[in-house]
Amino acid sequence: MVREIHPRPMKKLIPVLAFFVFSLSTLASSRPSSYTDLLDYVQPAPDQGETATCLFQASTGAIELLANRKHNIKNPVYNGPFDLSESFTINAPEHTSAYGKEFLEYPVHRFNYGFGVHNSEWPFDAWTATRYVNDAVWFWKDSKDMKKVEVPAVETIRLYSYKLHSTYVLDQEDIELIKEQMWKYKTPILVNYVDDYFWHAVLIVGYDDNLPGECYAPVEEKECAKNKGSFYVRDSFGVPVEIRDTDWFRIQGNAAFVVKEKN
């Protein structure tokens, strides 16, 4: 695994420890021990196969979740009201609200034109008859006459961002920050981590400080469960929500962004 470690500036030990303990206790005291309200509104992602479309899957999923919640559509199904086309997200033009943002944030801002295309009009299918990668999901289509779906305007807030293939750059305070910001804004967190040597973007859609989760591969078991708690993760391989030990992200993660409805 590629490990790009970015050391932080050295400071006096006692102030750092004091600040760290104070920060963790402050964050923990300002939020509940679990937050799972978003799970009811998660739109299951299609299996991305080997199409390398994870960022578009996660970005589309964040908009779907926010739209489903806004319209109180629980347990959304395939081709439901806010099942949006990931291929449209890939091909949609950039919006000015993305200016000055990082490229991991760009696809989410494409929805700030006010709409997406419904999945039934431009379905995403990673499979062909003989292959696990359908390159056609990337191809442009004229969407002028396709069914449009109105979606809320959104904004992103960067929590932290290291190089895409960085591992072992986060600590427990970074994990607490995700929980705190999710609770503060009641919104999903778009994150990036290293999965089997490749960077991979997914959504964190909930947490539970006391729930044991899976030590997600390729992290070794001995590296997990150093701290209690799990994240609920919406990935893009056909499973709606997974439960992963938070140490999965502490070890493999490198970037996190709030995706919230614009005020």
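I178 is in contact (heavy atoms within 4.5 Å) with L159, Y160, I189, V191, I204, F231, F249 and A256, leaving aside residues up to four places away in sequence. The model is predicted: local features need pLDDT of at least 70, side-chain atom pairs count only at pLDDT 80 or more, and totals for chains, interfaces and linings use all residues. Residues are numbered from 1 along each chain as its sequence is written, and side-chain values use heavy atoms, without hydrogens and water.

I178, I189, F231, W248 and F249 touch the most other members of the largest nonpolar core, which has 49 residues. Such a core is a set of buried Ala, Val, Leu, Ile, Met, Phe, Trp, Tyr and Cys residues joined through side-chain atoms within 4.5 Å; buried means under 20% relative accessible area, exposed over 50% and partly exposed in between, with a 1.4 Å probe on protein chains only. With eight residues, α2 gives the most to this core. Another core, of five residues, lies apart from it and includes F88, A92, V117 and M146.

Salt bridges (a side-chain nitrogen of Lys or Arg within 4 Å of a carboxyl oxygen of Asp or Glu) number 12.

| Pair | Closest N to O distance |
|---|---|
| K70 and E261 | 3.2 Å |
| E242 and R244 | 2.7 Å |

K70 lies in helix α2 and E261 in strand β9, so their pair ties together parts 191 residues apart in sequence. K70 is exposed at 51% relative accessibility, and E261 is partly exposed at 28%. R244 is buried at 1%, as is D235 at 3%. R31, E176, K179 and D209 are linked in a salt-bridge network.

Conventions:
Helices (H or I, at least four residues) and strands (E, at least two) are DSSP runs, numbered from the N terminus.
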